[in-house]
Amino acid sequence: MRKISVTTKFGQYTVSVGSGILDSLSKRIPALAGNPRKLVFLLTSPEIWALWGERVQASLFPREPIVLFLPPGERHKRMSQVERLTTEMSKAGGDRSSLLIAFGGGVTGDVGGFVSAIYMRGIDYVQVPTTLLSQVDSSVGGKTGVNLQTGKNLVGCFYPPQAVVADIGLLHTLPQRELRAGIYESIKAGLIRDAGLFRFIESHREAIDRGDPAPLEKMVAASIRIKAEVVCLDEREMGVRMLLNFGHTLGHAIEAASGYRALLHGEAIAWGMIAALDISRRRKMVTEGDTRRIEALIRHFQPPPFPAVSSKRLLQAASGDKKNRAGVRRFVLLQGLGKAVVAEDVTDAEVLAAIAYIRRLSESSK
């Protein structure tokens with residue numbers, strides 16, 4: 001098992017990564033130490049609970065968590081669900097000493113963190129991510145929130161968890177599409193800050209795609225360390241943390257413009273990374289050789305076809321991205337393997353050219 005510490009001025013917590021650690025969950029939650037009467041809420045989806053509910057209950061015994069259900073999918077990451085969940089918590093007697101465990105993928109983690117941040121003006125919560133995407137990215141860093149019709153994660157706050165428990169064993173039930181959605185985020189982590197991680201994924205691509213535990217654990221731990229390093233430097237995303245958004249400006253636009261139904265988050269980010277890479281190549285920031293190499297690794301994991309959304313709609317959605325400031329579009333570009341920068345001068349013409357490029361790639365893959 002590996003432990004990674006995340007320390008910021010707003011909180012300190014440990015991320016535990018390993019196989020089988022779900023069975024010792026209660027021992028990894030500081031708020032439960034010596035407090036057998038603490039009220040524990042557990043937010044999950046019906047599908048995840050059907051798979052792992054008995055093990056989670058056994059790991060928390062003698063406490064009996066009050067289970068709250070959130071349907072899977074980005075379309076349920078809305079304020080209406082937040083109101084429903086907080087009302088259920090209130091009716092169950094939840095108070096400021098209560099604990100919430102977010103047990104699921106990125107949507108569950110984001111909503112669970114946001115509910116914890118605002119219920120009773122803040123209660124403790126723990127992230128137990130069950131997808132590769134949430135293990136390598138969304139469970140770490142304290143970003144919480146929900147979507148609006150006008151964009152992704154436009155309502156939320158920064159609120160660190162008390163602990164993160166990432167059990168690699170939970171990943172073996174994932175469909176390959178869900179596994180690959182997380183691999184794209186790990187590729188992103190390597191591209192922006194750690195060329196060694198990129199090379200590791202590149203050289204172990206077949207084993208990782210099969211879900212082999214050893215390379216998966218190493219990839220997850222390395223991705224989390226990168227996220228932790230960046231968050232420790234810039235928890236509130238005022239500077240270096242923006243680099244974590246490589247591929248996200250257009251990726252989020254793809255999700256919003258297609259109603260969060262066409263692609264998984266990681267798949268949208270895969271196309272967004274290729275688009276950002278294309279802009280970087282056209283600006284001669286990255287070599288043709290590195291461009292081909294990066295693109296080849298992303299496409300090895302076969303992102304689904306690009307959705308049938310107009311370029312104009314995508315451009316509008318990208319212009320409403322929450323990373324923009326005072327009307328300036330902020331785009332993360334590459335300067336090579338392991339090095340990214342934030343650009344504030346990416347033009348509409350460059351974005352449209354990149355969209356046209358990924359459309360052609362998608363068509364050529366059919």
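How many of the ten residues of helix H9 (residues 248-257) are buried?

Ten of the ten are buried, so helix H9 is largely enclosed by the rest of the structure; buried here means under 20% relative accessible area, exposed means over 50%, and partly exposed lies in between, with a 1.4 Å probe and protein chains only. The helix includes the charged residue Glu255, which is buried along with, among others, His248, His252 and Gly251. Helices (H or I, at least four residues) and strands (E, at least two) are DSSP runs numbered from the N terminus.

Gly259, which follows H9, has a positive phi near 70 degrees.

## Basis of the model

The model is predicted, so that local features need pLDDT of at least 70 and side-chain atom pairs count only at pLDDT 80 or more, while totals for chains, interfaces and linings use all residues. Residues are numbered from 1 along each chain as its sequence is written, and side-chain values use heavy atoms, with hydrogens and water left out.

## Overall fold

The protein chain contains 13 helices and eleven strands, and its C-alpha trace spans about 60 × 40 × 40 Å along the principal axes.

Of the 366 residues, 59% count as buried. Among contacts between residues at least 6 apart in sequence, 75% join residues at least 24 apart. The chain exposes about 14700 Å², of which carbon and sulfur atoms supply 51%, as computed by the Shrake-Rupley method with a 1.4 Å probe, only the protein chains shown counting as cover for residues.

## Charges and salt bridges

There are 49 positive and 36 negative side chains, with Lys and Arg counted as positive, Asp and Glu as negative, and His and the chain ends not counted. The centres of the two sets lie 2 Å apart, each charge being placed at NZ of Lys, CZ of Arg, CG of Asp or CD of Glu. Side chains of opposite charge can pair when their charged atoms come close. A search of the whole structure finds 20 salt bridges, defined as a side-chain nitrogen of Lys or Arg within 4 Å of a carboxyl oxygen of Asp or Glu.

In one of them, the closest N and O atoms of Lys77 and Asp110 are 2.6 Å apart. This pair links distant parts of the chain, 33 residues apart, with Lys77 in the loop between strand E4 (66-69) and helix H2 (79-91) and Asp110 in helix H3 (residues 106-118). Lys77 is buried at 1% relative accessible area, and Asp110 also counts as buried, at 11%.

Asp278, buried at 1% relative accessibility, forms a salt bridge with Arg281, the closest N and O atoms being 2.8 Å apart, and another with Arg282 at 2.7 Å, N to O. Arg281 lies three residues from Asp278 in helix H10, and Arg282 lies four residues from Asp278 in that helix, a separation of about one helical turn. Both arginines count as partly exposed, Arg281 at 23% and Arg282 at 43%.

Definitions and conventions: Contact = heavy atoms within 4.5 Å.
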